[in-house]
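Please look over the sequence and the model shown here before reading on. The report is meant for someone meeting this structure for the first time.

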Amino acid sequence: MEVLPSSSSMTLKGRNLIPPAPGGAKLNYTVLIGETPCSVTVSESQLLCEPPNLTGQYKVVVQVGGLHVSPGAVHIMSDSLLTLPAIVSIAAGGGLLLIIVILVLIAYKRKSRENDLTLKRLQMQMDNLESRVALECKEAFAELQTDINELTSDLDRAGIPHLDYRTYAMRVLFPGIEDHPVLRELEVSGNGQQNVEKALKLFGQLINNKVFLLTFIRTLEMQRSFSMRDRGNVASLIMTALQGRLEYATDVLKHLLSDLIDRNLESKNHPKLLLRR
């Protein structure tokens, strides 16, 4: 069985298809595809048949005179690669895709319009905020200028107010405490006072040893019960004891600050927590 496209010609080969005949007569060939004849062109060695507009499988019959010969069957295929259902499916898919594209474009246009409106609204809010800030700054500057003029006139009359170093140091180291124990004499009598004074003197010598002081502070900080309030109180007491050796106290603070920075980098704490009191 041969497979042919509907637009192709079918060739049937043979020999001596145009034999000599008296009077120059020719044989009359008829080729049937199924029951439909096709247009035949005859040569010495082949029959060229133009198949009719058919599709499907058919039996081929060649008739010449009273002879009927069937060389086989032929399967004729449509020239169109797409069947009607396939064409309908493609058209439906294309229409659906077009609808989806249109919907996407509409949604994009609406989203763009909403974004433009939001941007304009934000721009208006920023302009209003800028105007309010400018107005507030102008009013604040006017008030500040008035306050400066008043303060200048007060200073011209009374001079710059200041505190003595003792009062300033107490307010910085022990804020809110007017009568701190460091301002009073020891309330220990007899041999107990001598022992306490001796112990404080020896402890003062230890505090003036950098290795001891750093180890002492680090050991206190390792205690879980050592709260931030306790740290502030101990730091204030140590700075009170080291008022006469501020260079030494500054050197110790540098070491402690370096340790604090290293710990914060390792634990990745917030930078604002670095310099808590």
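The sections below cover the model, its nonpolar cores, a helix pair and an annotated span.

## About the model

This is a predicted model, in which local features need pLDDT of at least 70, side-chain atom pairs count only at pLDDT 80 or more, and totals for chains, interfaces and linings use all residues. Residues are numbered from 1 along each chain as its sequence is written, and side-chain values use heavy atoms, with hydrogens and water left out.

## Nonpolar cores

The largest nonpolar core has 15 residues, and those with the most contacts inside it are Met10, Val31, Ile33 and Leu47. Such a core is a set of buried Ala, Val, Leu, Ile, Met, Phe, Trp, Tyr and Cys residues joined through side-chain atoms within 4.5 Å, where buried means under 20% relative accessible area (1.4 Å probe, protein chains only). At least two residues of this core come from each of strands S2 (10-13), S3 (29-33), S5 (46-50), S6 (56-64) and S7 (67-77); strands are DSSP runs of E, at least two residues, and helices are runs of H or I, at least four, numbered from the N terminus.

A second, separate core of 10 residues includes Ile207, Ile217, Tyr248 and Leu256.

## A helix pair

The axes of helix H4 (residues 210-221) and helix H5 (residues 228-241) come within 11 Å and cross at roughly 165 degrees, the axes being lines fitted to C-alpha atoms over the stretch in contact, with angles from 0 to 180 degrees between N-to-C directions. H4 and H5 are therefore roughly antiparallel to each other, a term for angles over 145 degrees.

Leu213, Phe216, Ile217, Leu220 and Glu221 of H4 make the contact with Arg231, Val234 and Ile238 of H5 (heavy atoms within 4.5 Å).

## An annotated span

An unreviewed UniProt entry annotates residues 112-139 as "coiled-coil region", and such annotations may be inferred rather than shown by experiment. In the model, residues 112-139 are 100% helix and 0% strand, with the end C-alpha atoms 40 Å apart.

Note on methods
Buried means under 20% relative accessible area, exposed over 50%, partly exposed in between (1.4 Å probe, protein chains only). Angles under 35 degrees count as roughly parallel, over 145 as roughly antiparallel, 65 to 115 as roughly perpendicular and the rest as oblique.
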